[in-house]
Amino acid sequence: LHMNPQIEKVYMLGDIEVDKGELIENEMMMELSDFIEISELRHIRFSHLKNSIKIENQMIYIPEMDISSNAMNIKLSGQQGFDESIDYHLVLKLSEVLSKKASKKKENSEFGEMEVDQSSIRLFIQMTGTLDDPKIKYDRKNMINTLKNDLIEETKELKTALKEEIQEIMSKEK
């Protein structure tokens, strides 16, 4: 039996789930050592991952997903080519302890601003290049889009709250 697959025509859409997963000495994760203590990255454990993955045009597409682990919480999306090219977008939500460690590290200043919300510090990171040679930089475009969407949502909530307050005041006056 001789098979000659036509890689350019491969198409798949499927759900994946991983329970009790681990990343041990994963080189790509070790690249995040500018942000997180290296010891935290050597052995990452997570309880559950679930997402829908699409493969098309020799690319693996990963929709946005939340990953909670012992080292950090990550919001991840992106794509990876069959040629090992990567374009991942990460939003790191660090716990207070890790945030303090990361904030003290000198390297953080070269990546620009850190956006702070009430629950944590969010670092917007883009990882490009290849699996063997990932390049990490601050993801300003993702940060701006996220902040814009957050502002739109907060504006809607504020309008709703003001409308309810005005209705309550008007009903008391009657």
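## Starting with a lysine

Is Lys-54 buried, partly exposed or exposed? In this predicted model, Lys-54 counts as partly exposed, because its relative accessibility of 29% sits between the 20% and 50% cut-offs. Its salt-bridge partner is Glu-56, with the closest N and O atoms 3.2 Å apart. Glu-56 comes out as partly exposed too, at 27% relative accessibility.

## The other charged pairs

Searching the whole structure turns up six salt bridges. Another one of them joins Asp-133 to Lys-135, whose closest N and O atoms are 2.7 Å apart. Asp-133 is partly exposed at 41% relative accessibility, and Lys-135 is partly exposed at 43%.

Then there's Lys-75, which pairs with Asp-66 at 2.9 Å between the closest N and O atoms. Here Lys-75 is partly exposed, at 27%, while Asp-66 counts as exposed, at 53%. Glu-64 joins in as well: Glu-64, Asp-66 and Lys-75 are linked in a network of salt bridges.

## The largest pocket

The largest pocket holds about 550 Å³, and 23 residues line it. Lying nearest its centre are Leu-23, Leu-49, Met-65, Ile-67 and Leu-76.

Which elements give two or more residues to that lining? They are helix H1 (27-30) plus five strands: S1 (12-24), S2 (43-56), S3 (59-68), S4 (73-81) and S5 (85-93).

Definitions and conventions: Residues are numbered from 1 along each chain as its sequence is written. This is a predicted model: local features need pLDDT of at least 70, side-chain atom pairs count only at pLDDT 80 or more; totals for chains, interfaces and linings use all residues. Side-chain values use heavy atoms; hydrogens and water are left out. On a 1 Å grid over the protein atoms alone, a cavity is a set of points where a 1.4 Å probe fits but cannot get out, and a pocket is an open set with protein on both sides within 12 Å along at least five of seven lines; lining residues have an atom within 4 Å of a point. Grid points are joined across faces, edges and corners, and a volume is the space filled by probe spheres set on the points. Helices (H or I, at least four residues) and strands (E, at least two) are DSSP runs, numbered from the N terminus. A salt bridge is a side-chain nitrogen of Lys or Arg within 4 Å of a carboxyl oxygen of Asp or Glu. Buried means under 20% relative accessible area, exposed over 50%, partly exposed in between (1.4 Å probe, protein chains only).
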